Amino acid sequence: MKLGVYYEERDGELHPMWLLLPVDLKQEYVTYNIMAPFERIDDFHDSLSAVTVTMSALTKGPFDPYDITIHIPTVQKELFLTGYNPEHLNEADYFILQMADVEELLQLEVRRLYVGGNDT
């Protein structure tokens, strides 16, 4: 599994802003390790389909401090409440999370893992 990281340039430096996780709908709870290899996402294009995941759908993994878990029914409910068809999730390529949310959830500075935009 390869993660995606979207960067914004500020004052000539790249800053990781968004974490993109491949959609997995096989279970009610899906866990991702953010230490996985990642690729830099330079631009959002029309062929990239992503669904926003908010803090309410996120929990810390039980064992590894770099694990995050997404509760799929909560993501579907939030899609519905914002006026989108929850079935849109079946067509999405990525879950998209704000780096600030991931850091708050894990209570870790995770942006340092992705500084400079170098692929691992």
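How many bridges join β3 to strand β7 (residues 67-71)? Five bridges join these two strands, which run antiparallel, and the points below place that pairing within the chain.

1. Basis of the note. The model is a predicted one, in which local features need pLDDT of at least 70 and side-chain atom pairs count only at pLDDT 80 or more, whereas totals for chains, interfaces and linings use all residues. Residues are numbered from 1 along each chain as its sequence is written, and side-chain values use heavy atoms, with hydrogens and water left out.

2. Overall architecture. The chain holds two helices and eight strands, where helices (H or I, at least four residues) and strands (E, at least two) are DSSP runs numbered from the N terminus. Along the sequence these elements follow the pattern β-β-β-β-β-β-β-α-β-α. The radius of gyration, taken over C-alpha atoms, is 14 Å for the chain, close to the 14 Å that the globule rule gives for 120 residues, so the chain is as compact as a globular protein of that length; the rule itself is 2.2 Å times the number of residues to the power 0.38. The C-alpha trace spans about 40 × 35 × 25 Å along its principal axes.

3. The three-stranded sheet. An open sheet of three strands has the order β3-β7-β6, with antiparallel pairing, two strands being counted as paired if DSSP finds at least two bridges between them. Its edge strands are β3 (29-33) and β6 (58-60), each of which pairs on one side only. From one strand to the next the twist averages 30 degrees, with axes taken as lines fitted to C-alpha atoms, for helices over the stretch in contact, and angles running from 0 to 180 degrees between N-to-C directions.

4. The five-stranded sheet. A further open sheet, of five strands, has the order β4-β1-β2-β8-β5 and mixed pairing. At its edges stand β4 (38-41) and β5 (50-52), each with a single partner strand, so one side of each is left without a neighbour in the sheet. The twist in this sheet averages 35 degrees from one strand to the next. Helix α2 packs on this sheet as well, touching β1, β2 and β8, and its direction makes about 75 degrees with that of β8.

5. Pairings around β2. Strand β1 (residues 3-10) is joined by seven bridges to strand β2 (residues 13-22), and the two run antiparallel. Here Gly4 has Leu20 in β2 as its bridge partner, while Glu8 stands opposite His15 in β2. Strand β2 is also joined to strand β8 (residues 94-98), by five bridges and again in an antiparallel arrangement, with Gln98 in β8 as the bridge partner of Trp18.

6. Asp11 lies in the loop between β1 and β2, a hairpin with two residues between the strands. Most residues other than glycine have a negative phi. Asp11, although it is not a glycine, has a positive phi of about 55 degrees. Asp11 is exposed, with a relative accessible area of 81%, where exposed means over 50%, buried under 20% and partly exposed in between (1.4 Å probe, protein chains only).

7. Interior and surface. Buried residues make up 40% of the 120 residues in the chain. The accessible surface of the chain, from the Shrake-Rupley method with a 1.4 Å probe, comes to about 7100 Å², of which 48% belongs to carbon and sulfur atoms.

Definitions and conventions: Contact means heavy atoms within 4.5 Å.
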